[in-house]
Amino acid sequence: MVRGKIEIKRIEDMTSRQVTFSKRRKGLLKKAHELSVLCDAQVAAIVFSQTGRLYDFASSDMQKMIDRCEIHRGEYFGAERLQKQQYVRELKNEMAIMMDKIEILQLHCRKLMGQDLDSCSVEELKEITTKIEKSLTIVRSRKAKLNEDNIEKLKAEIVAEREGLNERSRLRQMENNMLSFQFQEQPLWMQSRSLESEKNAHSCSSGNMDLSDVETDLSIGFPQNRV
């Protein structure tokens with residue numbers, strides 16, 4: 001019969017928990033004894049129950065094995081501690097070097113700004129003057145380059161605007177030429193009629209004339225004698 005797997009978690013029932021502890025404790029100590037005999041190893045096992053009772057097994061003297069464990073643990077953790085301390089010292093040294101560099105750079109910046117110059121010699125002042133002049137030259141050249149770029153941009157915008165105006169003028173001239181050509185192709189009587197119609201339309205639109213005020217010779221019915 002195959003034994004099913006059980007879930008590894010705390011047993012809530014106290015009686016079952018005590019029975020399981022007793023069985024598994026005996027099995028653990030038995031396995032430790034078998035390991036020491038089969039493999040000629042030094043094995044020690046220490047178990048405390050829930051009530052604080054001690055159960056132990058040692059293939060040799062327990063105290064000697066505990067002392068040996070303490071020595072080994074001290075060597076292991078001591079080497080790790082020394083490694084950590086060395087790493088911390090390296091970090092501190094690197095941080096001190098960086099702080100010195102930052103302080104030197106800050107002092108140099110203050111000198112370039114005209115501060116803390118009392119301790120400077122003549123040679124140091126000359127060197128600072130040379131650096132400032134070089135920096136001014138670079139800044140001025142950059143400023144001139146930006147101004148040139150802005151001028152070129154403005155020129156390009158002006159040229160584009162002029163080209164747009166020229167294009168509109170050219171289109172307007174083409175329209176005028178086309179209208180002139182069409183007008184010249186018409187007969188004289190159509191030109192005069194066109195001129196009269198344009199004149200009448202212009203006079204009507206400008207004077208806002210009422211059609212009822214216009215006199216005509218047309219009449220409906222028999223002709224009557226006019227005085």
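Colleague: Which helix gives the most to the lining of the largest pocket?

Modeller: In this predicted model, helix α1, residues 14-39, gives the most, with six residues. The pocket holds about 260 Å³ of space. Its lining has 13 residues, and the closest to the centre are Arg17, Gln18, Thr20, Phe21 and Gln50.

Colleague: How do the residues of that lining divide into nonpolar, polar and charged?

Modeller: Four are nonpolar, five are polar and four are charged.

Colleague: What is the pattern of the chain, read along the sequence?

Modeller: The pattern is α-β-β-α-α-α. The chain has four helices and two strands.

Colleague: Why is leucine 29 called buried?

Modeller: The relative accessible area of leucine 29 is 17%. Buried means under 20%, so leucine 29 counts as buried. Leucine 29 is found in helix α1. Leaving aside neighbours within four places in sequence, leucine 29 is in contact with Ala45, Asp56 and Phe57.

Colleague: Is aspartate 40 buried or exposed, and how do you know?

Modeller: Aspartate 40 has 71% relative accessibility. The cut-off for exposed is over 50%, so aspartate 40 counts as exposed. This residue is found in the loop between α1 and β1.

Colleague: What is phi for aspartate 40?

Modeller: Phi is positive, about 55 degrees, although aspartate 40 is not a glycine.

Colleague: Why is serine 49 called buried, and where does it lie?

Modeller: Its relative accessible area is 13%. That is under 20%, so serine 49 is buried. Serine 49 lies in the loop between β1 (44-48) and β2 (54-58). Not counting residues up to four places away in sequence, serine 49 touches Phe21 and Tyr55.

Colleague: What makes arginine 25 count as a charge over the ring of tyrosine 55?

Modeller: The charged end of arginine 25 is 4.0 Å from the centre of the ring and sits over it. The distance limit is within 6 Å, and the charge must also be within 35 degrees of the ring normal. The value of 4.0 Å meets the distance limit, so that part of the test is passed.

Colleague: Why is arginine 110 called partly exposed?

Modeller: Arginine 110 has a relative accessible area of 31%. Buried is under 20% and exposed is over 50%, so 31% falls in between and arginine 110 is partly exposed. Arginine 110 lies in helix α2, residues 62-112. Among residues beyond four places away in sequence, arginine 110 touches Gln115 and Asp116.

Colleague: What makes isoleucine 128 buried?

Modeller: The relative accessible area of isoleucine 128 is 10%. With the cut-off at under 20%, isoleucine 128 is therefore buried. Isoleucine 128 lies in helix α3, residues 122-185.

Colleague: Which residues does isoleucine 128 touch, not counting those up to four places away in sequence?

Modeller: Isoleucine 128 touches Lys111, Leu112, Leu117 and Cys120. The C-alpha atoms of isoleucine 128 and leucine 112 are separated by 6.4 Å, and the two residues are 16 apart along the chain.

Colleague: What share of the 227 residues of the chain counts as buried?

Modeller: The share is 8%.

How values were computed. Residues numbered from 1 in each chain as written. Predicted model: local features only at pLDDT ≥ 70, side-chain atom pairs only at ≥ 80, totals over all residues. Heavy atoms only, no water. 1 Å grid on protein atoms, 1.4 Å probe; cavity = no way out; pocket = protein on both sides within 12 Å on 5 of 7 lines; lining within 4 Å. Points joined across faces, edges and corners; volume = space filled by probe spheres on them. Nonpolar A, V, L, I, M, F, W, Y, C, P; charged D, E, K, R; others polar. Buried < 20%, exposed > 50% of the residue type's maximum accessible area, 1.4 Å probe, protein only. Contact = heavy atoms within 4.5 Å.
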